[in-house]
Amino acid sequence: MLRGGQNAYILHAESGDPFRSMRRNRSLRAMASRRTADMPITIPPGCPEESLRPSASQGELCGAIPAVDGGCLAHLSPDQLQAHLADLAPGADIDAHGVVFTADLLQRLLRATADRSLEFGNADFSEATFTERVSFSGATFTKDASFDHTTFLKGVSFSDTTFTEPAVFIRAGFSESTDFTGARFTADVDFAGAAFTDGADFSCAAFSGGALFSGVRVEGRMRLMACAVQELVWSGARISGELEVEAAAARVDLSGVRASERVDLRLRGA
C-alpha cells in the first residue's frame, strides 16, 4: 500500500496484477563480498595520509586501500601513479575502496583498463568519494561491482553500462544528475538505503535479475521508463519528489512506501 500526503497517486496495472506485497522467498545474493567463513582474511592498513574528502575533519587520516608503498591511488606521486596504472590491463580487478576521486583520476584509471572496450573485473569502489561529475558510460563490469556507501558529490553517468554479475549500491549517496539510462544488469542489483537527492533516470534500463530499491530516499524526479525487470522491490522507500515507473515486472513489492509527491506507476506482468 502506498501512503502519502494530499497528492494523488496514479496507479496503472495490466494483466498479471503486479501490485502485490510479497515476502521475498529468496534474498539477493551477498554481493559486496564473498568470503568463506573459514578463509583467513588479512586487511592491510589504510593509507596514512591526510584525508582528501571534502567533509573530513582536520587531521583525519585517509584510510583508503593502499596501492603502492602504503599510499592510495589519490596520494601517489605522478611517477608512482603512472607506473601503477601501466601494470593494469583490460578486465583487471580494481580495488579503490575509500579512495577520493577527481574526474581526472578516474579517467586515468579507466584509460588504463581500456583496450577497444572499457572492461573491469572485480571492481570495488565501496566508500569511495567522487568529488566531481564522473562517467562510467559504456563500461562493462564482468565480475562483481561494489559501490556500497559510495558518494557521488557532483553527479554520475552509468548510461549504457553493463553489469554482468551482481552490483551493489547499498547506502550510496547520489547528488546532482544521476544517469542509468540504457544500463544493463544481468544479475541482481541492490540500491537498498541509497539516497538520490536530485532524482535519477533509469529509462530503458534492463534488469535480468532483481532490482532492490528498498529503503531508498528520493528527492527530485526519479524515472524508470520502458524498463524490464524480473523482481522490483521498493519496500520502505521514502519519496519526497516525483517517481515515474513504466516497466514489465514479474514480481513487485511496494509495501511500506511513503510518498509526498506524485507517483505514477505503470506496471504490467513480464
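A residue is called buried when its relative accessible area is under 20%, exposed when that area is over 50%, and partly exposed in between, using a 1.4 Å probe and protein chains only. Ala 259 is therefore buried, since its relative accessible area is 5%. The structure is a predicted model, in which local features need pLDDT of at least 70 and side-chain atom pairs count only at pLDDT 80 or more, while totals for chains, interfaces and linings use all residues. Residues are numbered from 1 along each chain as its sequence is written, and side-chain values use heavy atoms, with hydrogens and water left out.

With that in hand, we can look at the chain as a whole. The protein chain has 270 residues, of which 45% count as buried, and it contains two helices and 27 strands; here helices (H or I, at least four residues) and strands (E, at least two) are DSSP runs, numbered from the N terminus. If contact is taken to mean heavy atoms within 4.5 Å, then residues 24 or more positions apart account for 31% of the contacts in the protein chain with a separation of 6 or more. Ala 259 itself is found in strand β26, residues 258–259, and its C-alpha lies 8.5 Å from that of Glu 242, a residue 17 positions away in sequence.

The helices can be followed next. Helix α1 (residues 78–86) and helix α2 (residues 103–112) have axes that come within 9 Å and cross at roughly 30°, where axes are lines fitted to C-alpha atoms, for helices over the stretch in contact, and angles run from 0 to 180 degrees between N-to-C directions. Because of this angle, α1 is roughly parallel to α2, the cut-offs being under 35 degrees for roughly parallel, over 145 for roughly antiparallel, 65 to 115 for roughly perpendicular, and oblique for the rest. On the side of α1, the contact is made by Leu 81, Gln 82 and Leu 85, and on the side of α2 by Leu 105, Arg 108, Leu 109 and Ala 112. Sorted by class, the contact of α1 with α2 has five nonpolar residues, one polar and one charged, where Ala, Val, Leu, Ile, Met, Phe, Trp, Tyr, Cys and Pro count as nonpolar, Asp, Glu, Lys and Arg as charged, and the others, Gly among them, as polar.

We now turn to aromatic rings. Rings of Phe, Tyr and Trp (its six-membered ring) pair if their centres lie within 6.5 Å, and planes under 30 degrees apart count as stacked, over 60 as edge-to-face and the rest as tilted. A search of the whole structure finds 41 aromatic pairs. In one of them, the rings of Phe 101 and Phe 125 are tilted, because their centres are 5.8 Å apart and their planes stand at 50°. This pair links distant parts of the chain, 24 residues apart, with Phe 101 in strand β4 and Phe 125 in the loop between β6 and β7. Phe 101 is buried, with a relative accessible area of 0%, and Phe 125 is buried, also at 0%. Phe 125 pairs with Phe 147 as well, and these two rings are stacked because their centres are 5.2 Å apart and their planes lie at 10°. Phe 147 sits in the loop between β10 and β11, 22 residues from Phe 125, and both Phe 125 and Phe 147 are buried.

The loop between β10 and β11 also holds His 149, which has a positive phi of about 60° although it is not a glycine. His 149 counts as partly exposed, because its relative accessibility is 39%.
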